[in-house]
Amino acid sequence: MINTILKTSIFSAALLFLFGGCSLEREDYDQIMPENFYKNESDLKAAVTAAYHLFHINTYGGGGIYSHGRAGINIQSEVTTDILDCQWGDGGTWEMMHTHSWTASNIDQLGNLFGRYKNVSQIRNIILQLDAADVSEAFKQNYKGELKALRGWLMYLLLDYYGPVPVASDEDLANLQSNIILERPTEAEYVAMIENELKDAISMLPTKASEWGRVDAGAANMMLLKLYMHQKRWSEAETVARELTNAKYGYRLLDNYYDCFSLETEINDENIWSIPCDNENYVNGWVTHTIAAGVPYSNSDIQMWGGYRMPWDFYNTFEKNDKRLENIIGEYVSTADGKLINQANPGTAMRKGAMPLKYTVDPNQKGDRSGIDVPVFRYSDVLLSLAECIANQDGVTQECMDLINQVRNRVGLESLNLSDYTNTDNYFDMLLLERGHELYCEGHRRTDLIRFGKFIEFARNIPNSQTDDYKVVFPIPNRYILEYKGALNQNPGY
């Protein structure tokens with residue numbers, strides 16, 4: 001399969017990216033140190049390919065940005081909301097996420113996404129070396145586009161979590177031997193940097209990537225759409241969303257929702273960008289993290305850790321004939337003792353909710369190592385986003401309802417009527433719920449709730465909640481504040 005090419009390339013090139021090339025080394029964040037420079041097309045291609053390593057899963061302990069462990073942003077962006085909880089203790093880490101009890105002192109328990117700001121400069125340095133390299137313009141164009149998209153997306157993720165983070169200028173990168181203290185730019189300056197990177201990427205990239213798992217113009221447009229929606233720039237967001245509906249991209253809703261999350265159909269016309277996985281080095285551990293021992297399952301070789309749960313309150317918001325419920329376990333007969341386990345009789349296995357398996361069975365999985373690719377962006381999100389953009393400008397229209405109904409009809413639900421949603425508050429409540437049902441456990445819920453103004457409101461309903469209005473962003477870990485000797489401002493409230 002073509003995605004195997006990218007998986008293998010990433011694994012072989014990862015060490016080059018992590019330990020070679022000019023980078024901001026973790027040991028001393030106020031210095032930029034020179035390392036090896038890339039010499040030819042082979043070196044440059046390896047460096048570009050290995051940039052994807054930042055986003056890959058890298059097994060449970062490896063801590064990639066899209067890890068299925070507690071450091072994964074797709075996990076944190078769900079566990080901090082009404083959609084997901086975890087039954088494990090782990091020293092209180094999961095409760096800290098779910099109840100919003102994080103502080104600048106304990107936030108490191110969730111991993112170190114803030115430290116990824118050094119990779120923004122690392123990727124920029126590869127771009128500069130690519131510009132200076134004696135290689136063809138066609139080679140430069142394509143790979144620069146990929147790097148700019150990845151850099152822009154990483155910067156966006158950091159913005160969404162922390163607000164603007166320090167970014168080294170080209171002058172700083174050229175002055176590698178100097179001690180450099182980087183300050184946080186303004187939000188306007190930082191957003192403009194992201195926007196420019198993504199627009200450049202769109203102009204450079206092909207409509208469809210040559211290998212599954214690489215970013216292309218469609219993926220870069222989706223990144224730009226997310227940025228505009230984050231900033232509530234609705235007109236620009238609508239333009240990008242409509243661009244993604246253009247037939248030249250070939251995106252469509254699959255007939256079967258769970259084909260987006262199945263091994264046999266993981267390369268498809270709905271998934272705009274996916275993280276390629278395999279059964280060895282870059283594994284999808286979601287099912288193992290979720291399923292409990294005693295659940296009937298056709299692959300007896302998998303491990304069952306029984307952690308992630310969809311709280312019953314959210315599970316109960318699904319309509320009973322919603323086909324998306326087919327892979328969310330709300331009831332089962334235990335293979336251990338024959339008992340019926342469900343909301344009324346949850347036992348220990350379902351004390352915090354249903355099991356959102358999300359992914360179908362991978363017959364090749366052993367232990368926690370599924371090889372099913374992890375979607376980052378899907379076309380259904382484009383349709384729902386377009387419905388949101390239109391309503392924020394023009395009020396609720398029939399086109400809004402038609403877009404939402406496409407997503408609903410695919411999972412066996414009846415169309416909603418415009419006449420029932422003339423009140424925009426009711427419409428946006430409905431749309432937020434539809435987004436939750438369609439995109440559950442894909443890492444979008446926290447950002448959606450913040451954008452709809454519901455993140456803190458919903459969090460206050462969680463037992464033992466310690467949320468507050470300022471917790472729409474995370475704190476910068478205290479150690480960085482100390483290292484920067486007063487030059488790095490902490491987020492308000494922390």
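Trainee: Which residue has the backbone nitrogen that the side chain of Asn342 reaches at 2.8 Å?

Mentor: Bear in mind that this is a predicted model, in which local features need pLDDT of at least 70 and side-chain atom pairs count only at pLDDT 80 or more, while totals for chains, interfaces and linings use all residues. Residues are numbered from 1 along each chain as its sequence is written, and side-chain values use heavy atoms, with hydrogens and water left out. A polar contact is a pair of N or O atoms within 3.5 Å, where within protein one must be able to donate a hydrogen and the other to accept it, and residues adjacent in sequence count only if both atoms are side-chain atoms. The side chain of Asn342 reaches the backbone nitrogen of Ala344 at 3.1 Å, and the one reached at 2.8 Å belongs to Asn345.

Trainee: Is Asn342 buried or exposed?

Mentor: Asn342 is found in strand β6, residues 340–342, a strand being a DSSP run of E with at least two residues and a helix one of H or I with at least four, numbered from the N terminus. Buried means under 20% relative accessible area, exposed over 50% and partly exposed in between, with a 1.4 Å probe and protein chains only. Because the relative accessible area of Asn342 is 10%, this residue counts as buried.

Trainee: What are the plane angle and the centre-to-centre distance for the aromatic pair of Phe114 and Tyr162?

Mentor: Rings of Phe, Tyr and Trp (its six-membered ring) pair if their centres lie within 6.5 Å, and planes under 30 degrees apart count as stacked, over 60 as edge-to-face and the rest as tilted. By this rule the count comes to 28 aromatic pairs. Phe114 and Tyr162 form an edge-to-face pair, with 85 degrees between the planes and a centre-to-centre distance of 5.3 Å.

Trainee: How many residues apart are Phe114 and Tyr162?

Mentor: The pair links distant parts of the chain, with Phe114 in the loop between α5 and α6 and Tyr162 in helix α7 (residues 137–162). Phe114 is buried at a relative accessible area of 1%, and Tyr162 is buried at 5%.

Trainee: Over which ring does the charged end of Lys471 sit?

Mentor: A charge sits over a ring if NZ of Lys or CZ of Arg is within 6 Å of the ring centre and within 35 degrees of the ring normal. For Lys471, the charged end is 5.7 Å from the ring centre, and the ring belongs to Trp102.
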